[in-house]
Amino acid sequence: MAKNPAPVPANKLTKGIYEAEMFRLQTELVALQEWVKETGARVVVIFEGRDAAGKGGAIKRITEYLSPRICRVEALPAPTDRERGQWYYQRYVEKLPTTGEIVLFDRSWYNRAGVEKVMGFCTPEEHTRFLRQTPIFEQMLIDDGILLRKYWFSVSDDEQLRRFRARRDDPVRQWKLSPMDLESVYRWEDYSRAKDEMMVHTDTSSSPWYVVESDRKKNARLNMISHMLSTIPYTHVERPRVKLPKKPIATGSYHRPPRSLSKFVPDHVATLLGDTDN
């Protein structure tokens, strides 16, 4: 006799609810995109947090149906020797949006408050200067009309370690586990202290930090996207309805070249299905 499935807890986010709400939010993200394009707004969203906290997954869901011409992701690598000699914020300024653009920073200038501070990649003087200058820098962006949002993805140490182990054992995600990620496990308290100090100096009334609890990834994605949409005063932009013919229009003057003149990709799927006769 088949066993009855275990009851779903009342506070458990089911797959059906998650997918339905995610699609609704993604529909609103498309509306936001059209508003940004129509009004020339400039939007910057910063994603920070622990390694494996779920930043990448949230960014992926945000951009899934958006145009890369309007919404782009910036994940800057380690600075070059030339960039190290520049004003610290300079390489980030170059990536800021122009009118009608959304930029999502997968880590940002806050590297200095986190990994650079903990790993000794900057001097104490540079770190202190960063904490003092960043609120001023961000206020300049806001005063110029940029809509700036900052999200910190918070994950527990147990959950982070579980995700690291999952990456280690997954052949398509092993690249996501770097020596720097492993170092964060052993420096958990150092990163915690650096984050607390960063919050004290840069969580301002005009540019606040919003903390996303992300031990449950799906919950975190819905919560973060819903909140971001609620903070931007976008409106739905009416798009002209496109008229399409009932069937392709053919005049009879075009004749397709013989298939023998083209090089086709081999039918790999046929080998999977065991259909090798075609």
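Visitor: What kind of model is it, and from which number are residues counted along each chain?

Guide: This is a predicted model, where local features need pLDDT of at least 70, side-chain atom pairs count only at pLDDT 80 or more, and totals for chains, interfaces and linings use all residues. Side-chain values use heavy atoms, with hydrogens and water left out, and residues along each chain, as its sequence is written, are numbered from 1.

Visitor: How many salt bridges does the rule give?

Guide: The rule asks for a side-chain nitrogen of Lys or Arg within 4 Å of a carboxyl oxygen of Asp or Glu. By this rule, the count is 16.

Visitor: What separates Arg-24 and Glu-21 along helix H1?

Guide: Their side chains form a salt bridge, at 2.7 Å from N to O. Arg-24 is partly exposed at 42% relative accessibility, and Glu-21 is partly exposed at 25%; the class runs between buried (under 20% relative accessible area) and exposed (over 50%), with a 1.4 Å probe and protein chains only. Both sit in helix H1 (residues 15-39), 3 residues apart, so the separation is about one helical turn.

Visitor: Is Glu-101 buried or exposed?

Guide: Arg-72 has a relative accessible area of 22%, so Arg-72 counts as partly exposed. Glu-74 is buried at 12%. Glu-101 has 17% relative accessibility, so the class is buried.

Visitor: What is the phi of Arg-107?

Guide: Most residues other than glycine have a negative phi. Arg-107 lies in the loop between E3 and helix H5 (115-119), is partly exposed at 24%, and joins Glu-48 and Asp-51 in a network of salt bridges. Its phi is positive, near 75°.

Visitor: What is the phi of Ala-52?

Guide: Ala-52 lies in the loop between strand E1 (42-49) and helix H2 (55-63). Its relative accessibility is 7%, so Ala-52 counts as buried. Its phi is also positive in a residue other than glycine, near 70°.

Visitor: What distance separates the C-alpha atoms of Leu-148 and Ile-46?

Guide: Leu-148 lies in strand E4 (residues 147-154). Its relative accessibility is 5%, so Leu-148 is buried. Leu-148 and Ile-46 are 102 residues apart along the chain, with their C-alpha atoms separated by 7.8 Å.

Visitor: Which residues make the nonpolar surface patch?

Guide: Patches take residues with over 30% relative accessible area and no salt bridge, joining like charges within 9 Å and nonpolar side chains (Val, Leu, Ile, Met, Phe, Trp, Tyr) within 5 Å. Areas come from the Shrake-Rupley method with a 1.4 Å probe; for residues, only the protein chains shown count as cover. Val-269, in helix H11 (residues 268-273), has a relative accessible area of 47%, so Val-269 is partly exposed. The patch covers about 340 Å² and is made by Val-269, Leu-272 and Leu-273.

Visitor: Which residues form the negative surface patch?

Guide: Asp and Glu count as negative, Lys and Arg as positive, while His and the chain ends are not counted. A charge is placed at NZ of Lys, CZ of Arg, CG of Asp or CD of Glu. Glu-213, in strand E5 (residues 209-213), is exposed at 66%. The patch is formed by Asp-157, Asp-158, Glu-213 and Asp-215.

Visitor: Which residues form the positive surface patch?

Guide: Lys-218 is found in helix H10 (residues 217-230). Its relative accessible area is 37%, so Lys-218 is partly exposed. The patch is formed by Lys-12, Lys-15, Arg-216 and Lys-218.

Conventions:
Helices (H or I, at least four residues) and strands (E, at least two) are DSSP runs, numbered from the N terminus.
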